[in-house]
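I opened this model to look up its fold, its nonpolar surface and its ring pairs. My notes are below, in the order in which I looked.

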Amino acid sequence: MRRTLFSKRATLALLLLLALVIGACTAPVSPAPAESGGEAAAEATPAAEEEAAEAPAAAGDGDVLRFGYSQVPNDFNPMTIIQGLQGFVQKWVNAKLITYDREGNIVGDLAESWTVSDDGLVFTFQLREGLTWQDGEPF
């Protein structure tokens, strides 16, 4: 009978530990900085970068909303949303005719005003001026 120094489990545990140590010692690889602007990019100073970061952007001037979340949405179809991340994304991506304010009152979103028929079956919405589709075409 041949005797080994380590059992198979101990060998596997040592290999996993070694992999963890080696993985922790390596530096994360970050993408190379994008080249832009040639000399102007090379002349940027930390003070200029701070000023640019603090300067507020004008509304509609390329504003971007970014947020992180630990889930991945199944789809962006507003008709299939039940709860969770999809509902959160729906809130920020798709405008509604009406919505609720912080006090729970019904307020207009796309609708400027609305009327309800006497029998409560017909709702007529007056939309705000200047609305556009996502491609910039008038609504």
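The entries go from the whole chain to single residues.

**Entry 1: ground rules.** I am working with a predicted model, in which local features need pLDDT of at least 70 and side-chain atom pairs count only at pLDDT 80 or more, while totals for chains, interfaces and linings use all residues. Numbering starts from 1 along each chain as its sequence is written, and side-chain values use heavy atoms, with hydrogens and water left out.

**Entry 2: overall layout.** I looked up the secondary structure and found 4 helices and 4 strands. Here helices (H or I, at least four residues) and strands (E, at least two) are DSSP runs, numbered from the N terminus. The order from the N terminus is α-α-α-α-β-β-β-β.

I then asked how many of the 139 residues count as buried. The figure is 5%, where buried means under 20% relative accessible area, exposed over 50% and partly exposed in between (1.4 Å probe, protein chains only). The accessible surface comes to about 13000 Å², and 58% of that belongs to carbon and sulfur atoms. These areas come from the Shrake-Rupley method with a 1.4 Å probe, and for residues only the protein chains shown count as cover.

I also checked contacts, meaning heavy atoms within 4.5 Å. Among contacts with a separation of 6 or more, 5% are between residues 24 or more positions apart.

**Entry 3: the nonpolar patch.** Which residues make the nonpolar surface patch? I list Leu97, Ile98, Tyr100, Ile106, Trp114, Val116 and Phe123, with an area of about 660 Å². Patches take residues with over 30% relative accessible area and no salt bridge; like charges are joined within 9 Å, and nonpolar side chains (Val, Leu, Ile, Met, Phe, Trp, Tyr) within 5 Å. A salt bridge is a side-chain nitrogen of Lys or Arg within 4 Å of a carboxyl oxygen of Asp or Glu.

Strands β1 (98–100) and β3 (111–116) each supply at least two of the patch residues. Tyr100 lies in β1 and is exposed, at a relative accessible area of 58%.

Leu97 sits in the loop between α4 (85–93) and β1. Leu97 is partly exposed, at 36%. Beyond its neighbours within four places in sequence, Leu97 contacts Gly108, Asp109, Leu110, Ala111, Phe125 and Leu127. For Leu97 and Phe125, 28 residues apart along the chain, I read a C-alpha separation of 7.9 Å.

**Entry 4: β3 and β4.** These two strands pair in the antiparallel sense over 5 bridges; pairing requires that DSSP finds at least two bridges between two strands. I noted Ser113 opposite Gln126 in β4. The β3 and β4 hairpin has 6 residues between the strands, and Gly120 there takes a positive phi near 75°.

**Entry 5: aromatic pairs.** I searched the whole structure and got 2 aromatic pairs. Rings of Phe, Tyr and Trp (its six-membered ring) pair if their centres lie within 6.5 Å; planes under 30 degrees apart count as stacked, over 60 as edge-to-face and the rest as tilted.

The rings of Trp114 and Phe125 have centres 6.3 Å apart and planes at 40°, so I log this pair as tilted. Trp114 is in β3 and Phe125 in β4 (residues 123–127), so the pair ties together parts 11 residues apart in sequence. Both are partly exposed: Trp114 has a relative accessible area of 31%, and Phe125 has 27%.

Trp133 and Phe139 form an edge-to-face pair, with 4.7 Å between centres and 65° between planes. Trp133 is partly exposed at 47%.

**Entry 6: two loop residues.** Where is Asp109? I find Asp109 in the loop between β2 (106–108) and β3, partly exposed at 23% relative accessibility. Not counting residues up to four places away in sequence, Asp109 touches Ala95, Lys96, Leu97, Ile98, Thr99 and Arg128. Asp109 and Lys96 are 13 residues apart in sequence, with C-alpha atoms 5.8 Å apart.

Phe76 is in the loop between α3 (46–54) and α4. Is Phe76 buried or exposed? I record Phe76 as exposed, with a relative accessible area of 55%. Leaving out residues up to four places away in sequence, Phe76 touches Val89 and Asn94. The C-alpha atoms of Phe76 and Gln90, 14 residues apart in sequence, are 7.2 Å apart.
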